[in-house]
Amino acid sequence: MKQKGQIRRRYIFTKNLDSSLTDIYNGFKFFVQFFKELFRKPFYFRETVNQTFEIGIRSLGLITITGFIVGFVFVKQSRPSLESFGATSWLPSLMGIATVRALGPLVTALITAGKVGSGIGAELGSMKVTEQIDAMEVSAINPFKYLVVTRVVAATVSICLLALYCDFVELLGSYMNINSVEGISIQTFLRNAFSSIYFLDIFTNVIKAATYGFTIGMVGCYKGFNATQGTRGVGMAANKAVVFSIFLIFMEEFIIVQIVNWIRYL
Amino acid sequence: MGSFVSDPEKEKLETVISIEGLYKSFDDLQVLSGIDLILHRQENLTVLGRSGSGKSVLLKIITGLLKPDKGDVYVFGKRVDKISLTELNSLRLRIGFSFQSGALYDSMNVYQNLAFPLTMNYKNIDRKEVKRSIEEVLDAVALSEKIYQMPADLSGGQRKRIGIARALITKPEIMLYDEPTAGLDPITSVEIIDLINEVQHKYNTSSIIITHDLTCAKNTGNRIAMLGDGKFLQVGKFDVVFSSNDERIKGFYNYNFIQ
Ligand SMILES: Nc1ncnc2c1ncn2[C@@H]1O[C@H](COP(=O)(O)OP(=O)(O)OP(=O)(O)O)[C@@H](O)[C@H]1O
Ligand SMILES: [Mg+2]
């Protein structure tokens with residue numbers, strides 16, 4: 001039956017290139033479908049809120065530890081070069097800029113790409129390969145709305161909040177280090193840290209975090225939703241979700257920074 | 001077994017599913033090539049076929065989960081591949097699908113699994129009503145005591161029965177069973193066979209039952225359809241189909257030597 005059933009398949013380029021291009025095309029369709037479904041009823045508000053809390057709480061511990069360490073270590077490593085100019089009093093403002101402009105959103109994105117992205121990829125991937133998504137569909141429930149839209153919105157919102165929280169713990173970490181060496185008070189630290197941060201920086205911080213959160217949710221859902229090949233596919237979906245979303249996050253970081261700097265010096 | 005087909009003058013046979021010239025392939029594999037099929041109201045049709053012959057694919061096309069490459073698939077007179085999603089969904093509510101793997105939502109317990117199709121589709125449904133429906137279908141599959149268990153804590157056969165219960169919860173007019181007895185012990189198999197027949201009579205459903213199991217085919221099907229090489233090789237009464245001289249059917253029969 002198998003031999004009889006074979007039909008010759010022609011590729012436009014090569015097999016791999018064709019499948020990469022189809023993947024990009026399908027990814028784009030998935031992206032478009034998200035915005036179509038986002039504004040269409042029904043809105044699974046409760047499920048979205050549940051997912052937001054779940055994602056937020058699941059990553060909170062990890063963000064606390066990594067954020068604190070990044071802040072602490074960043075100051076420690078920067079001190080020698082500032083010391084040689086006798087400019088260690090710049091440390092708080094350096095740290096403020098570094099956190100809000102770069103470290104906060106990036107650290108949050110990398111941690112949650114690993115934690116949340118792989119979780120969503122694996123969860124939806126296993127639902128896909130065990131036909132739970134098909135089961136939803138035949139029960140006249142739109143799995144794209146119920147599973148994808150809720151998770152992407154939840155990831156965007158909660159990663160935004162996590163990034164602000166991460167800014168806070170990074171500053172706390174750096175304050176701990178600065179306080180132990182330079183012995184400045186928290187008021188002085190905060191005044192200096194925020195002296196060189198503008199509204200544009202905070203705004204960009206939020207935009208970046210939202211973009212990364214959206215990317216993580218979207219890629220995780222896309223990879224999970226399109227998982228194939230049984231249980232092996234679940235692992236692959238989780239893995240691809242992390243790798244691909246980190247790749248995209250750095251591309252986005254690059255683009256956003258270009259745009260913001262262009263605006264800044266307008 | 002009250003066979004509806006044996007009593008044709010009682011009422012004109014009403015068609016609920018009709019398929020003509022259905023083709024379906026995946027990448028470089030031709031799975032279905034020219035399926036024709038009629039399912040009558042209140043009829044149990046069993047589809048037999050080897051593993052990989054496309055039985056599950058056929059059911060997925062009927063429910064609109066997969067799109068046919070070619071051919072007409074009508075359910076209640078509507079072409080499933082041509083209607084809008086809203087229309088398709090209202091058709092789907094009239095169809096119960098019991099998946100080969102059970103496909104229970106593993107993040108939800110049995111109660112939530114069964115409630116999900118109801119609460120998601122009928123926004124204003126009364127909680128008591130939901131509870132009552134759940135108790136009724138759990139009673140039908142004889143698993144009332146498992147109501148608050150998680151799917152992971154059930155045996156394979158129990159999961160399958162909960163899957164059937166979930167398909168029944170919306171009181172469908174058509175039931176599609178994908179290998180309801182595969183991998184079950186003979187006693188549980190007989191229970192499932194009885195359940196399928198009971199559902200047919202109690203809820204007046206029309207069913208397609210997919211199986212490799214001749215006992216199941218013989219005892220549930222008013223008609224049997226043999227799927228092979230992407231087509232139905234023969235459709236008819238059990239005895240007629242299995243007195244065929246077609247090698248592909250005989251091979252199947254000889255293989256299932258114990259009945
Ligand atoms: N979504 C899909 N993508 C690609 N190939 C598929 C897909 N679904 C099914 N197939 C292929 O179609 C063929 C028929 O599959 P199907 O699941 O219908 O078999 P089946 O008759 O139900 O077998 P079994 O008795 O083992 O369940 C198989 O070769 C399978 O690999
Ligand atoms: Mg199958």
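How many salt bridges does the rule find across the interface of chain B and chain A? Keep in mind that this is a predicted model; in it, the count comes to three. One of them joins A:Asp134 to B:Lys60, with the closest N and O atoms 3.7 Å apart.

Let's see which parts of chain B are involved. Strand S2 (29–40), helix H2 (85–92) and helix H3 (110–121) of chain B each give two or more residues to the side that touches chain A. H3(B) has the largest share, with four residues. By type, this side of chain B splits into 12 nonpolar, eight polar and eight charged residues.

Now for the contact as a whole. Here 28 residues of chain B meet 21 residues of chain A, and about 2,300 Å² is buried between the two chains, 59% of it from carbon and sulfur atoms. Of the area that chain B buries against chain A, B:Asp28, B:Tyr105 and B:Met120 supply 21%, more than any other three residues.

Next, look inside chain B. Six of its strands make an open, mixed sheet, in the order S6-S7-S8-S3-S9-S10. S6 (95–98) and S10 (231–236) of chain B stand at the edges with a single partner strand each, so one side of each has no neighbour in the sheet. From one strand to the next, the twist averages 15 degrees.

Within that sheet, S7 (174–178) and S8 (206–211) of chain B run parallel, paired over five bridges, and B:Met175 sits opposite B:Ser207 in S8(B). Helix H1 (55–62) of chain B packs on the sheet, its direction making about 155 degrees with that of S8(B). Helix H5 (156–168) of chain B packs there too, touching S6 and S7 of chain B.

Methods: Residues numbered from 1 in each chain as written. Chains lettered and ligands numbered in written order. Predicted model: local features only at pLDDT ≥ 70, side-chain atom pairs only at ≥ 80, totals over all residues. Heavy atoms only, no water. Pairing = 2+ DSSP bridges. Axes fitted to C-alpha atoms, helices over the stretch in contact; angles between N-to-C directions. Contact = heavy atoms within 4.5 Å. Buried area = accessible area lost by both parts, 1.4 Å probe. Salt bridge = Lys/Arg side-chain N within 4 Å of Asp/Glu carboxyl O. Nonpolar A, V, L, I, M, F, W, Y, C, P; charged D, E, K, R; others polar.
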